[in-house]
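Reader: I have a structure open and have not looked at it before. Can you walk me through it?

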Amino acid sequence: MAETFVQDPATQDEFDDSEKAKMQLHLWRRLFGYVLQYKGHLAIVAVCGSITGGLEIIIGLVTKWLVDDIQANGADANLGKWALVYVLSSLMLSVVTTGFVFCVTKMRAMTGYDIRRDAFRNIQKQSFKFFDNRPVGWLMARLTSDTDRLTDILCWAFLDLIWGTTMMIALGIVMFVLSWKLALFAISILPFVVWVTVKFRRSILRTARDVRSANSLITGSYNEHIMGVLTSKSFVRASDNLQNFSGLTNRLYDSSVKNLTLSAIYVPLVMIAGSVATGIALGVGGTEFLNGAIIAGTLLAFMIWIRHFLDPTIELAMWFTEIQTAQASAERILAVMDAVPDIDPTPQTNSAQDLQVESIDIRNVSFEYVKGDPVLTDINLHASQGETVALVGPTGGGKTTLANILCRFYEPTQGLVAINGIDYRQLDLRSYRSQLGVVLQQAHVFSGSIFDNIRYGKNGASEEQVIAAARLAGAHDFIEEMENGYQTEAGAAGSRLSAGQKQLVSIARAILADPQILVLDEATSSVDTITEQHIQEGLENLFQNRICFVIAHRLSTIRNASKIAFIRDGRIVEFGTHQELLRLQGSYSDMYRQQSLRVSIETSFDLAERTRD
């Protein structure tokens, strides 16, 4: 039996106000603004919907006129005329139906595009903190299923509103003109429908929120377990994953059953009310006919109209139910669109465009991912143009976090990072990052060719520039050995490349960008020693006239760094050149000796193996 699912607070849906569920009209007004951009299509839909609603009364009228004609003229009744009227009306109905289906479908596609574009644009503005708290699948659910549901309502419900309103008004007028008594019975169901709708509104919306929240978590779980399938299989965790996933699916099942049950009760109640009204109208109308108050044609027309009168009522009631369900989707997608970035991308006083970076100062920087749990404490560093600062120390000390702050992926909780003496929060974010070249510990390669992946660092770079960057990074040789060379497909997330090859492509990309500030986070951790030496030779040229920050566990790779900061527990405990730190006989010296001893042992074993061979 699956264990009870407990939702992670980090991914908990923001809309947990089900007990106070109310129709948020301002949400729908705002979303309908996307449809209003296409006024031409909207006008066609409104006209076609109105014509369709008006034509719906023709069937009843033709029936009435035909019966009246037969009753008055007997065998001399002009049946051909009424048949022609009916056929022409049906043909016109088909034409306008084709028109509104085409326009609504096109308008739905364009509205969906606009909503996804705006949501994705805002997602790209968010800092890393936004993605730390939201799984990829959780966001994908908003841009896919949530958006699809909203566009259905915004476009099709608008059409049905125009059609239904026009039809009900037209039928109401005609019925009141012919028989006000029967007309009153026909509309007598409306107060009951309104009452049922109000009663069911809150419960339907509450269960809808649960359904959408569970669905987004399931999408996130899919993404996480598919991406981590290698780790799951390595540790034989398939059954545990299935058990946890079952908790999610059970929650979705329970919420969906509750939501569908409420909807299944709601719509039949409306239909029952309509059937009761029809029966009463039939009884009253039959009595009126027997008493001679109305003629047979009018009674037959009323039987048809009451049924048609219920069609838009039921359709609009169903759409109202769907609107209740989709309000959760509206809240979710607008929450993504309205998310305020933790990092303000606009400059306060200066622009980094054309800025020549001469110095970087990290002054009293402290940082917390979670309030009260410091990751960095009182960090102070200075780097000038042409200097390389190496960040070393045990795993978990805060080196990568410091690199992320330098790149302004996060901003300091306290203190500041100054570029040429100016707080980098006063610089335009995009312009500042355009001065950066970053090679992260986990290199990401996009689907597409290797050539395009390298040129990602500089749009419009020539083939010669791409190849030169690849040579400098040490990637050219392995690329040339591939079947299609630089046009070889890297696969989804670089699946066709090894970890080391992806790292080399990432380094080539950074080299091509020709940045003023270079940040390397374990950039050579996935390559062999020979390739690493080759890359180091190329990087020495790249480091010139730039400010470089290098995170490395292999201390042999940073001996020539201008300065070395040994970071432990979020603090710089030692600082100086390689020789200065060795003379201190402290933490850096101990780590360096341990690594040197390990390398010596590995070299001895390697020589012994070669001698044996």
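Author: One definition comes before the sheets: two strands pair if DSSP finds at least two bridges between them. Strands (E, at least two residues) and helices (H or I, at least four) are DSSP runs, numbered from the N terminus. This is a predicted model, in which local features need pLDDT of at least 70 and side-chain atom pairs count only at pLDDT 80 or more, while totals for chains, interfaces and linings use all residues. Residues are numbered from 1 along each chain as its sequence is written, and side-chain values use heavy atoms, with hydrogens and water left out.

Reader: What is the mean pLDDT of the protein?

Author: The mean is 78, and 83% of the residues reach 70 or more. pLDDT is the predictor's confidence in each residue, from 0 to 100. Over residues 1-21 the pLDDT is below 50.

Reader: OK, sheets. What is the strand order in the open sheet of six strands?

Author: The order is β6-β7-β8-β3-β9-β10, with mixed pairing. At its edges are β6 (436-439) and β10 (571-576), each pairing on one side only.

Reader: How do β3 and β9 run, and how many bridges join them?

Author: β3 (residues 388-392) and β9 (residues 563-568) run parallel, joined by four bridges. Val392 has Phe566 in β9 as its bridge partner.

Reader: And the open sheet of four strands, what order does that have?

Author: That one reads β2-β1-β4-β5, and its pairing is antiparallel. β2 (373-384) and β5 (422-423) each have a single partner strand, so one side of each is left without a neighbour in the sheet. Eight bridges link β2 to β1 (residues 359-370). One of the bridge pairs is Val370 with Asp373 in β2.

Reader: Which strands of that sheet does α11 touch?

Author: α11 touches β1, β2 and β4 (414-419), and its direction makes about 120° with that of β1. Contact means heavy atoms within 4.5 Å. Axes are lines fitted to C-alpha atoms, for helices over the stretch in contact, and angles run from 0 to 180 degrees between N-to-C directions. Helix α11 (residues 399-406) also lies across β3, β7 (517-521), β8 (547-551) and β9, at about 155° to β8.

Reader: How many residues of α11 are buried?

Author: Seven of the eight are buried, so α11 is largely enclosed by the rest of the structure. Among them are Lys399, Asn404 and Leu406. Buried means under 20% relative accessible area, exposed over 50%, and partly exposed in between (1.4 Å probe, protein chains only).

Reader: Different topic. At what angle do α6 and α9 pack?

Author: Helix α6 (residues 180-187) packs against helix α9 (residues 238-290) at about 170°, with the axes 8 Å apart.

Reader: Which residues of α6 meet α9?

Author: Lys181, Leu182 and Phe185 do, and their partners in α9 include Ala277, Ile280 and Glu288.

Reader: Last one: where does Pro515 lie, and is it buried or exposed?

Author: Pro515 is in the loop between α16 and β7. Its relative accessibility is 3%, so Pro515 counts as buried. Beyond residues up to four places away in sequence, Pro515 touches Gln435, Leu436, Gly437, Ala510 and Arg546. The C-alpha atoms of Pro515 and Arg433 are 9.3 Å apart, although 82 residues separate them along the chain.
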